[in-house]
Amino acid sequence: MVVASPTKLHSEEHLAIELPTVDLSGDRSMVSNLIVKACEEYGFFKVKNHGVPHDIIAQMEKESFNFFAKPFDEKQKVEPAKPFGYGCKNIGFNGDMGEVEYLLLNINPLSIAERSKTISNDPAKFSSAVSAYIEAVRELACELLDLMAEGLRVPDRSVFSRLIRDVDSDSLIRLNHYPPMPLLCKDEDSSPCNQNKVGFGEHSDPQILTILRSNDVGGLQISLNDGAWVPVTPDPATFWVNVGDLLQAMTNGRFVSVRHKALTNSSKSRMSMAYFAGPPPNARITVPPEMITPTKPALYKPFTWAEFKKAAYAMRLGDRRLGLFRME
Ligand code: GA4
């Protein structure tokens, strides 16, 4: 893993740094240590040699593209996202907006099969592409969670992945399309205009882990601890992985739930597919006992995923929801 020192780009807040890349074909103990380091430093890393077959990704991307290419009134035949379904510009229920259209689906095979009927002209093809994709990225997520437990020296190696493998796991898939948007001017005098519009505003993901794949159009940015934004170079052959709020809580704050946002491109469509790995609603979010010591006392009160999710949906996209669950 190479982490170059920050170099300044066009504007004050945008830094170009090389983000951690983990090659899963490497030596297991080295890989687990690299992953832990990346999760502590950034809460974000790129995975190559991830084992997800190319045709499964290509099929999912094609189905996703076919849907977004439909006329708007066709897309509106899909139930509006509340939270599951088709959404355009509206994010969540509290007034957050962005230049994005999306399909948000829970991974229950029956509900995918049902929803596919309004999403695709060939519903069986759509649901089989989604099922194959979900199965493959879930395996990747579980493997990464086991590597994290190993790197953290937690004896129960499946302490995190067990939650995702559970039949009641509340995991989601989100297909995003960011249409091209003309650049904005920062102020009336600034010329040329150089501000990209926000597609999906600053936030952290509430779940355990997110596995993200996007096409070859940039737009994703992550926030460093000091608040500086780093653009993520697109790489369709890899997956980006980010730590969610629950994993920050389950590691007693050792891993950081990375804040990120997506900007639109001025001339090209950006498409991304995110798998949010979550636990069953009634799962208690606790820290492996070895990670709580007299010098590192528990940071968060125990809570269930259902309680956390309820809090997340009652707040704004950019709010820091873990703060509600901190020990006094
Ligand atoms: C962010 C991560 C996922 O996209 C998501 C989002 C969800 C939604 O779009 O419905 C939320 C957002 C996300 C966090 C806070 C709440 C819930 C919108 C919102 C304002 C599907 C998720 O699980 O949380």
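1. Which residue takes a positive phi in the hairpin of β10 and β11? In this predicted model, that residue is G227, with a phi near 95°. Five residues lie between the two strands of the hairpin.

2. F200 has A262 in β13 as its bridge partner.

3. Put together, these pairings give an open sheet of four strands, in the order β8-β13-β10-β11, with antiparallel pairing. β8 (198-203) and β11 each have a single partner strand, so they stand at the edges and one side of each is left without a neighbour in the sheet. On average, neighbouring strands of this sheet are turned by 20° against each other, direction ignored.

4. Helix α1 covers residues 28-41, which makes 14 residues. From its first C-alpha to its last it reaches 20 Å, close to the 20 Å expected at 1.5 Å a residue. After the helix comes G43, which has a positive phi near 70°.

5. Which residues of α1 are buried? They are V31, S32, L34, I35, V36, A38 and C39. An α-helix has 3.6 residues a turn, so residues three or four places apart point the same way. The cover over the buried residues of α1 includes the strands β3 (21-23), β4 (44-48) and β12 (239-243), together with helix α5 (123-151).

6. Helix α5 also holds A124. Is A124 buried or exposed? A124 counts as exposed because it has 11 C-beta neighbours inside 10 Å, and the cut-off for exposed is 12 or fewer. A124 and R316 are 192 residues apart along the chain, and 36 Å separates their C-alpha atoms.

7. The ligand is surrounded by 15 residues, of which the closest are P83, G92, D205, A312 and L317. At least two residues of the shell come from each of β6 (96-106), β7 (172-178) and α8 (305-314). By class, nine residues of the shell are nonpolar, three are polar and three are charged.

Note on methods:
Residues numbered from 1 in each chain as written. Predicted model: local features only at pLDDT ≥ 70, side-chain atom pairs only at ≥ 80, totals over all residues. Expected span 1.5 Å × (residues − 1). Buried ≥ 20, exposed ≤ 12 C-beta atoms within 10 Å, placed from the backbone. Contact = placed C-beta atoms within 7 Å. Pairing = 2+ DSSP bridges. Near = placed C-beta within 6 Å. Nonpolar A, V, L, I, M, F, W, Y, C, P; charged D, E, K, R; others polar. Axes fitted to C-alpha atoms, helices over the stretch in contact; angles between N-to-C directions.
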